[in-house]
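Hi there,

Here is the structure I promised to pass on to you. Please open it next to this email, and then read on for what turned up in it.

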Amino acid sequence: MHRLVVIPGDGIGREVVPVAVEILEALLPGLQTREADAGWDCFQRQGCAVPEATFDALRECGAGLFGAVSSPSHRVPGYRSAILQLRQGLRLGTSLRPVRSWPSLSSRPGVDLIILRENSEGLYSGREHLEAEGVAIAERVVTREACLALAHRAQDVAKARHARRITLVHKANVLPLTCGLFRDTCREVLEGEGWASELDERLVDVAALQLVEQPEAFDLIVTTNLFGDILPDLACHWSGGLGLAPSLNWGEGIALAEPVHGSAPDIVGSGRANPLGAILSTALLLRYHWQEPVLAQRLEGAVESFLWEEGRADFGFETTRVVGQGILAAL
Ligand code: NAI
Ligand code: MG
């Protein structure tokens, strides 16, 4: 029995999540869903961005689909980003972000890579303070424990996709202690698991250039939190844009699927939100968390045949509806 906590959140999260859930229900007729609250609206109503009931529901069900939340870009007393709280509170230590060329949308065929990002620490540990007037400091935390968890996830993904290459992306020349610990720990695990001949490494700046010049050269990228935030947004250009970039926040026995995009206040309510990012995120839940590779393949195949047939994923003010119904029909 599959159980899913549905967290639409803010903005277009509320528009794309119901579409993705309807499609997942068609694939998994026994799916039990339960809605939960999180985000900026939730904070304004209840005074907290992630109520304890949402954490409880996720711990109980072990799987969730999260739409998007809005975050103010200035400091608001008492507010902390909902998705950061969820990642840290549920120990969702890895974020998995695939990028592949989709028919009709991608400007470059042949791209098929996964970026695995450390999701709980690094420069996003939340340890930021004002040291003095005009001096702000953020601490970059890297622990062996988190690197071990990431490396074991990398091994799972490498096995599932028969990886031909695993690239560790870091900046150990400038950050020898933090990036060095990351690199050495990942090497230790992956070499120990028999991946020595596929294993490779790149400095992050060179990796960014190569993702532009020769994205086909990558297969599985493993990196730290900040680099893993930036590189997927760059790479997802090859898949056809932010609207169809999926991700999976992944911990031990628990996973939260989440489209990469935000709450898109500029198009909210217009019908133009593309639900493919949310739909493809549920395919990641199927493949990596629920161990249902055949269903994941069916869902991705339906997206592929829809795109072949329609030749686009932008239907103006009818995008959310037309894409959702098109994928259902293709299934
Ligand atoms: P955004 O991803 O919301 O939007 C960037 C641009 O892409 C906008 O022009 C938007 O219309 C377009 N876009 C995004 N998703 C789309 C979709 N599914 N279909 C069609 N077009 C799409 O990023 P932005 O504008 O920087 O942030 C807006 C709000 O979202 C902010 O409050 C930010 O904090 C939040 N945010 C939340 C994230 C999350 O929940 N994980 C991630 C990124 C931003
Ligand atoms: Mg990002």
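Let's start with one pair of residues: Leu168 has Glu201, in strand 9, as its bridge partner. Helices (H or I, at least four residues) and strands (E, at least two) are DSSP runs, numbered from the N terminus, and two strands pair if DSSP finds at least two bridges between them.

A word on the source: this is a predicted model, in which local features need pLDDT of at least 70 and side-chain atom pairs count only at pLDDT 80 or more, while totals for chains, interfaces and linings use all residues. Residues are numbered from 1 along each chain as its sequence is written, and chains are lettered from A and ligands numbered from 1 in the order in which they are written.

Strand 8 (residues 166–170) and strand 9 (residues 199–203) pair in the parallel sense, over five bridges. Strand 8 also runs parallel to strand 10 (residues 220–223), with four bridges joining the two; there, Thr167 has Ile221 as its bridge partner.

Is strand 8 enclosed or open? Five of its five residues are buried, so strand 8 is largely enclosed by the rest of the structure.

Strand 8, helix 6 (residues 178–192) and strand 9 form a right-handed β-α-β unit; right-handed means that, with the strands pointing away from the viewer, the path from the first strand over the helix to the second runs clockwise.

Now zoom out: 10 strands form an open sheet with mixed pairing, in the order 2-1-3-12-11-4-5-10-8-9. Its edge strands, strand 2 (32–35) and strand 9, each pair on one side only. Elsewhere in the sheet, strand 3 (residues 63–68) and strand 12 (residues 255–257) pair in the parallel sense over three bridges, and Leu65 has Ala257 as its bridge partner.

**Around the ligand**

Ligand 1 is surrounded by 20 residues, and the closest are Ser71, Gly243, His261, Gly262 and Asn274. A residue counts as near if its C-beta atom, placed from the backbone, lies within 6 Å.

Enjoy exploring!

Conventions: Buried ≥ 20, exposed ≤ 12 C-beta atoms within 10 Å, placed from the backbone.
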